[in-house]
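Visitor: Please bring up the sequence and the structure. I have some questions about them.

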Amino acid sequence: MSAVDLDDVVVVGAGPVGSGLALLLADRGRSVVVVERHPEAYPLPRAVHFDDETARILQACGVGDALPGLSEPADVYEWRNADGLVLLRFALGEQGASGWPSANMFNQPDLEAELHRRLVTHPNVTLRRATEAVSFDQDADSVRLTVRCAGRDEVLAARFVVGCDGANSTIRRQIDPPVEDHGFFFDWLIVDVELHEPQVFDPVNLQVCDPTRPTTAVSGGPGRRRWEFMCLPGESLDSLDEVARAWELLEPWDVTPQNATMVRHAGYRFSARWATRWREGRVLLAGDAAHLTPPFAGQGMCAGLRDAVNLAWKLDHVLARPEAEALLATYETERIPHAAQVIQFAIDLGKVICVPDPDEAAARDAAMSAAAADGTATPGPAMPPLEAGILAPGTPAVGELFVQGRISRQGSEAPARFDDVVGAGWRLVTDGPIGLPDGPVRWFGSIGGAVVAIGAPDTADVDGTYRRWFDAHGVVAALQRPDFHVFGTATDEAGVTSLLDELRRRLGG
Ligand SMILES: Cc1cc2nc3c(=O)[nH]c(=O)nc-3n(C[C@H](O)[C@H](O)[C@H](O)COP(=O)(O)OP(=O)(O)OC[C@H]3O[C@@H](n4cnc5c(N)ncnc54)[C@H](O)[C@@H]3O)c2cc1C
């Protein structure tokens with residue numbers, strides 16, 4: 001097979017993670033084929049929450065303008081016991097550091113429809129539906145993926161293949177990595193409804209830690225609600241997963257066939273596990289194919305989109321510079337511990353609610369309500385920083401997410417989010433103009449980097465986001481990675497030059 005037949009990347013699976021990854025690569029000029037076994041988009045709701053970091057990633061995928069219309073912000077996430085006593089109260093705040101509301105409630109099919117709208121019109125993407133990945137083989141330069149379409153097998157060839165093919169991933173099965181399983185699994189009934197008229201639910205997002213029926217009651221996006229009911233010991237999920245039973249469980253919430261339409265009811269077994277290897281040569285895993293989390297932190301899809309934004313710039317870099325292939329190892333060293341920590345957080349939350357034993361629940365209530373009694377809300381969950389990988393250790397804020405504020409450029413019509421004005425990619429954000437030697441700046445430009453001087457005569461820090469950030473960290477510059485994490489920071493011009501040199505060294509020249 002000649003090199004001209006090769007696409008850059010074949011993505012297996014057009015769920016949110018595969019679609020997001022394909023768009024991030026295609027926007028960098030990469031040729032991407034997406035194979036999806038289903039002939040039509042998957043129509044049923046699953047995820048209902050994404051955070052501000054995920055919103056920024058979706059903004060990078062080119063669907064930012066659609067997010068306000070398909071989601072609604074949530075300011076509170078409350079955990080109560082059977083008597084209504086508050087056990088835990090997350091105050092989510094309106095605006096997250098990434099420049100979007102810190103909690104956004106939505107309907108997954110609406111988001112996937114937006115991503116697919118972009119996929120099918122993107123000149124660098126070929127979306128092949130009703131096409132199932134069967135197996136792969138690879139050599140040092142390329143991967144051949146056998147796919148089945150209308151009963152016939154065909155071979156696609158690419159530099160890289162990424163399995164974004166969900167929990168039952170065919171690609172993962174062939175890689176056969178070890179799996180870390182926390183043995184934390186419970187059966188739940190999921191019920192999604194569309195309300196005929198607006199109804200107020202206060203708080204908008206609630207966990208009812210009632211041992212007689214642990215229940216989740218949250219927004220499912222504009223005009224929709226989601227309930228989740230835990231299957232009790234001795235009860236069968238099949239008996240719970242019945243339409244009449246689902247209406248019966250909704251009745252105490254004043255939700256009936258007269259005021260709502262049931263979009264679906266489905267039984268799920270939530271589990272907590274992840275593959276401990278996400279790569280075999282030129283074949284990689286992302287999203288649910290690599291990790292599964294209980295839903296209590298609303299982070300499964302968010303984690304998958306973090307995989308996508310981490311992997312996209314690394315694949316792009318290596319496609320341009322094959323000699324830098326070692327960079328791909330950092331996908332696993334950065335993402336696996338991060339995903340594992342997020343799963344552990346979801347397990348910790350799950351342990352609060354998945355308690356059907358009354359004595360255990362009473363002990364939990366006593367311990368937690370005392371802590372909650374002073375009325376102080378817990379801040380919304382903060383994502384852990386990156387701990388190892390492409391980072392300049394020893395500088396303030398290294399590995400943390402960088403902020404996104406609104407900026408305005410002289411002559412432009414209105415303030416807008418940073419990425420919409422200057423684009424995503426490597427960004428050296430400085431506190432005012434800074435003098436830098438030509439060589440490092442030229443090299444930085446060659447990897448798609450740009451220097452953005454905030455507060456310079458033509459770039460206003462509209463809400464003071466950057467002023468506050470620089471002051472809080474005592475630095476004059478932050479080098480932001482294309483996935484929005486801080487590579488490193490500097491306190492003076494010499495430090496900035498050293499940062500660029502360090503980045504060059506870490507990326508392999
Ligand atoms: C009840 C529930 C609630 C949830 N709540 C949240 C939440 O609030 N927040 C959150 O962030 N996450 C949540 N999640 C998790 C979230 O839905 C998933 O993490 C997300 O859908 C994973 O996206 P993905 O693209 O990795 O996989 P999927 O969405 O599963 O997509 C995989 C795609 O690959 C295709 N495919 C599979 N095999 C092949 C093959 N061999 N060839 C070609 N195509 C193939 C499938 O048809 C599918 O389209 C929830 C999940 C559930 C079930």
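Guide: The residues of the shell around the ligand divide into 16 nonpolar, 13 polar and six charged. Here Ala, Val, Leu, Ile, Met, Phe, Trp, Tyr, Cys and Pro count as nonpolar, Asp, Glu, Lys and Arg as charged, and the others, Gly among them, as polar. This is a predicted model: local features need pLDDT of at least 70, side-chain atom pairs count only at pLDDT 80 or more, and totals for chains, interfaces and linings use all residues. Residues are numbered from 1 along each chain as its sequence is written.

Visitor: Which residues come nearest to the ligand?

Guide: A residue is near a molecule if its C-beta atom, placed from the backbone, lies within 6 Å of it. There are 35 residues around the ligand. Those that come nearest are Gly-13, Gly-15, Gly-166, Gly-287 and Gly-300.

Visitor: Which element gives the largest share of the shell around the ligand?

Guide: Helices (H or I, at least four residues) and strands (E, at least two) are DSSP runs, numbered from the N terminus. Helix H1 (16-26), strand E3 (49-51), strand E9 (131-138) and helix H8 (300-320) each supply at least two shell residues. The largest share is four residues, and it comes from H8.

Visitor: How many residues of helix H2 are buried?

Guide: A residue is buried if 20 or more other C-beta atoms lie within 10 Å of its own, with C-beta atoms placed from the backbone; 12 or fewer makes it exposed, and in between it is partly exposed. H2 spans residues 52-60. Its buried residues include Asp-52, Arg-56 and Ala-60.

Visitor: Why does Asp-192 count as buried?

Guide: Asp-192 lies in strand E13 (residues 186-195). It counts as buried because of its C-beta neighbours inside 10 Å, which number 24.

Visitor: How far apart in space are Asp-192 and Val-263?

Guide: Two residues are in contact if their C-beta atoms, placed from the backbone, lie within 7 Å. Leaving aside neighbours within four places in sequence, the contacts of Asp-192 include Arg-224, Arg-226 and Val-263. Asp-192 and Val-263 are 71 residues apart in sequence. C-alpha to C-alpha, the distance is 5.4 Å.

Visitor: Is Val-32 buried or exposed?

Guide: Val-32 is found in strand E2 (residues 32-35). Not counting residues up to four places away in sequence, Val-32 touches Val-9, Ala-22 and Leu-25, among others. Because 27 other C-beta atoms lie within 10 Å, Val-32 is buried.
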